[in-house]
Amino acid sequence: QLLHKKTVMKTMTCKQLGGACNKAFHANSFEEIADMSKKHGMEMFQKADTEHLKAMNEMKGLMKTPDAMKDWFESKRKEFNALPEDK
């Protein structure tokens, strides 16, 4: 008898993840959603999107302090875990 693992999809936006727009990312783990956000950020960087570049500069400030970045990442993970499942 096979047990089917239930896939739990949740949604976060670029803004919720420290970005600049309302693009929605759908994933079943925080790591997956963080990876999608990172790829989106790289695309926006290549397009030299002003609002995203501003958000990236703010993130660079966090990255200068490893503990601050770790705390930010953990707070976003908690936010993801607390989200309701997509309907």
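## Helix 1 against helix 2

In this predicted model, helix 1, covering residues 30-46, and helix 2, covering residues 50-63, have axes that come within 8 Å and cross at roughly 120 degrees. That angle makes helix 1 oblique to helix 2, and the crossing of helix 1 and helix 2 is left-handed. On the side of helix 1 the contact is made by His40, Gly41, Met44 and Phe45, while helix 2 contributes His52, Leu53 and Met56. Sorted by class, the contact of helix 1 with helix 2 holds four nonpolar residues and three polar ones, with no charged residue among them.

The loop between helix 1 and helix 2 is the place of Ala48. Although Ala48 is not a glycine, this residue has a positive phi of about 55 degrees. Ala48 counts as partly exposed, because its relative accessibility is 47%.

## Helix 1 against helix 3

The axes of helix 1 and helix 3 come within 10 Å and cross at roughly 115 degrees, and the crossing of helix 1 and helix 3 is right-handed. Here Phe30, Glu31, Ile33 and Ala34 in helix 1 meet Phe73, Lys76, Arg77 and Phe80 in helix 3. The residues of the contact of helix 1 with helix 3 divide into five nonpolar and three charged, with no polar residue.

## Aromatic pairs

A pair of aromatic rings is described by two quantities, the distance of the centres and the angle of the planes. With ring centres required to lie within 6.5 Å, the count comes to two aromatic pairs. In one of them, the rings of Phe30 and Phe73 have their centres 5.0 Å apart and their planes at 75 degrees, so the pair is edge-to-face. Because Phe30 lies in helix 1 and Phe73 lies in helix 3, which spans residues 66-82, the pair ties together parts that are 43 residues apart in sequence.

The two partners can also be described by their accessibility. Phe30 is buried, with a relative accessible area of 3%, whereas Phe73 is partly exposed, with a relative accessible area of 29%. Ring pairs also bring in Phe80, and they link Phe30, Phe73 and Phe80 into a cluster.

## Helix 2 against helix 3

Helix 2 and helix 3 pack at an angle of about 120 degrees, and their axes are 6 Å apart. This makes helix 2 oblique to helix 3. The residues that meet are Met59, Leu62 and Met63 in helix 2 and Pro66, Ala68, Met69 and Trp72 in helix 3. By class, the contact of helix 2 with helix 3 has seven nonpolar residues, and neither polar nor charged residues take part in it.

## Lys38 on helix 1

Lys38 lies in helix 1. With a relative accessible area of 56%, Lys38 is exposed, since the exposed class begins over 50%. The C-alpha atoms of Lys38 and Gly19 are separated by 9.6 Å, and these two residues are 19 residues apart along the chain.

Terms used
Residues are numbered from 1 along each chain as its sequence is written. This is a predicted model: local features need pLDDT of at least 70, side-chain atom pairs count only at pLDDT 80 or more; totals for chains, interfaces and linings use all residues. Side-chain values use heavy atoms; hydrogens and water are left out. Axes are lines fitted to C-alpha atoms, for helices over the stretch in contact, and angles run from 0 to 180 degrees between N-to-C directions. Helices (H or I, at least four residues) and strands (E, at least two) are DSSP runs, numbered from the N terminus. Angles under 35 degrees count as roughly parallel, over 145 as roughly antiparallel, 65 to 115 as roughly perpendicular and the rest as oblique. A crossing is left-handed if the near helix is turned anticlockwise from the far one by less than a right angle, and right-handed if clockwise. Contact means heavy atoms within 4.5 Å. Ala, Val, Leu, Ile, Met, Phe, Trp, Tyr, Cys and Pro count as nonpolar, Asp, Glu, Lys and Arg as charged, and the others, Gly among them, as polar. Rings of Phe, Tyr and Trp (its six-membered ring) pair if their centres lie within 6.5 Å; planes under 30 degrees apart count as stacked, over 60 as edge-to-face and the rest as tilted. Buried means under 20% relative accessible area, exposed over 50%, partly exposed in between (1.4 Å probe, protein chains only).
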